[in-house]
Every structure is written in C-alpha cells, then in structure tokens.
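Biologist: Can you take me through this model? I would like to start with the fold and then go to details.

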Amino acid sequence: MLAAATSGFVMGGTLIIAVGAQNSFLIEQSMKRQWTTLFVLLFILSDAISISLGAMGFGLLLQEYPMLVTITKWAGVAFLLWIAFNKIKSSLANDALVLEMAKKQLSFKKALLIALAVTWLNPHFYLDTLLLMGNLASQWQENKWWFVGGAIGASVVWFIGLSTLTARFAHHMQRPNFWRWFNRLNAAVLGMVSIQLASL
C-alpha cells in the first residue's frame, strides 16, 4: 500500500508540475491575491476527478473516440495562443500601464472560465491524468486506490505550496519590469504548450 501511494505521489507530482498553463495562471492569481484558494481547490478537484476516472477505466474513451481529443486540442491551442497574445501586448505597454494591468482584477466569471479552460481544454491534462495515471493505477490492482490517493496528495502539496510561496513573495514583485518580463515568460510558456498540443 505504501509503495503504491508513494509511486502515485511521485508520478502525480512529476506530471502536475509539467502542466504549465495551470501553473502560470495560479502564480498570477496568487500574486494578485485574487480567489487563490478557490482556484487551488478547483485544480486539486479537477486532478482528483480525472485521476479517479482514469483508475476506473474511463481513459479508454480517449482511445475509442480520438475525435474528442482532436476537438479539445484545437480549442485549447486557440485559447492558449489568445492568452499568450494578450500577455505580449501587455508587456509592451509603458510602465504605468503595465502596473495598472498587473493590478487589474478579473471578474469572477472570467477568472473562473480561464481556470476551467487551462485545465479542461488542455489535452495534456486528459492524457496525463485520465489515460497515463489511470493505466499506471490499474497496474497496482487491489492497491490502485492507494496509488490514486498518492497522486491526489501530490496535487494537494503542489498547488497549495505554489500558491503559498508565490503569495509570500508577492510584495517583492510589484515593479513594472517584473510584470513586463513575467508576461513575456508567461506568453512563452503558453506558446510552447500550444505548440506541444498542436503536435499531438
């Protein structure tokens, strides 16, 4: 049981860290201190649902209906490129405007839609959690739910740790140049994720 949980924690942590769009969004919201706890819970719950469904065999749907992945893939590519474009646009503004846009609070509805999109419109999310983690969990047979518990535990540790650490240092990040380069880095991450998605 301990071996299964440890394996789930290690594998889950490795895959969760790689989901760049989620992490970028959470870092930005944590620096703004805007509904951070809600999004941490949303990302943890999303991982828990997807990994659990994968352990129950729902990952087979991805193999039987590849059109679902295709539709999600191109919707995700378009959405991520749109966000990346806006990040680049923000980074080119003057100092005062950069800070103004950095401090601008998103409406709850818009922030929630973005959080859902960077999770559920990302085919990597399905392939990693639903398919790969589901297949790995099934290999543990009677201990598969310990594996799932370990993977969900990794999600809890990562998202709470990331948001807490970011918020702790947020007061050091209120400079125009920081936000300018953060937006550029964010755009680069989103661009790379979109290229990866397009090549699937």
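This is a predicted model: local features need pLDDT of at least 70, side-chain atom pairs count only at pLDDT 80 or more; totals for chains, interfaces and linings use all residues.

Biologist: What percentage of the 200 residues is buried?
Modeller: Buried residues make up 47%. Buried means under 20% relative accessible area, exposed over 50%, and partly exposed in between, with a 1.4 Å probe and protein chains only.

Biologist: How many cavities does a search of the whole structure find?
Modeller: The search finds two of 30 Å³ or more. A cavity is a set of points on a 1 Å grid over the protein atoms alone where a 1.4 Å probe fits but cannot get out, and lining residues have an atom within 4 Å of a point. Grid points are joined across faces, edges and corners, and a volume is the space filled by probe spheres set on the points.

Biologist: What lines the second largest cavity?
Modeller: That cavity, of about 40 Å³, has Phe79, Leu80 and Asn122 among its lining residues. Helix α5 (66-91) gives the largest share, three residues, and α7 (108-120) also supplies at least two.

Biologist: Changing topic, which residues form a nonpolar patch on the surface?
Modeller: Phe9, Val10 and Val157 do, with about 260 Å² of accessible area together. Patch residues have over 30% relative accessible area and no salt bridge, and nonpolar side chains (Val, Leu, Ile, Met, Phe, Trp, Tyr) are joined within 5 Å. Areas come from the Shrake-Rupley method with a 1.4 Å probe. A salt bridge is a side-chain nitrogen of Lys or Arg within 4 Å of a carboxyl oxygen of Asp or Glu.

Biologist: Where is Val10 found?
Modeller: Val10 is in helix α1 (residues 2-17) and is partly exposed, at 47% relative accessible area.

Biologist: And what is the phi of Trp35?
Modeller: Phi is near 55 degrees, a positive value in a residue other than glycine. Most residues other than glycine have a negative phi. Trp35 lies in the loop between α2 (20-32) and α3 (36-55).

Technical notes
Residues are numbered from 1 along each chain as its sequence is written. Side-chain values use heavy atoms; hydrogens and water are left out. On a 1 Å grid over the protein atoms alone, a cavity is a set of points where a 1.4 Å probe fits but cannot get out, and a pocket is an open set with protein on both sides within 12 Å along at least five of seven lines; lining residues have an atom within 4 Å of a point. Helices (H or I, at least four residues) and strands (E, at least two) are DSSP runs, numbered from the N terminus. Patches are made of residues with over 30% relative accessible area and no salt bridge: like charges are joined within 9 Å, nonpolar side chains (Val, Leu, Ile, Met, Phe, Trp, Tyr) within 5 Å.
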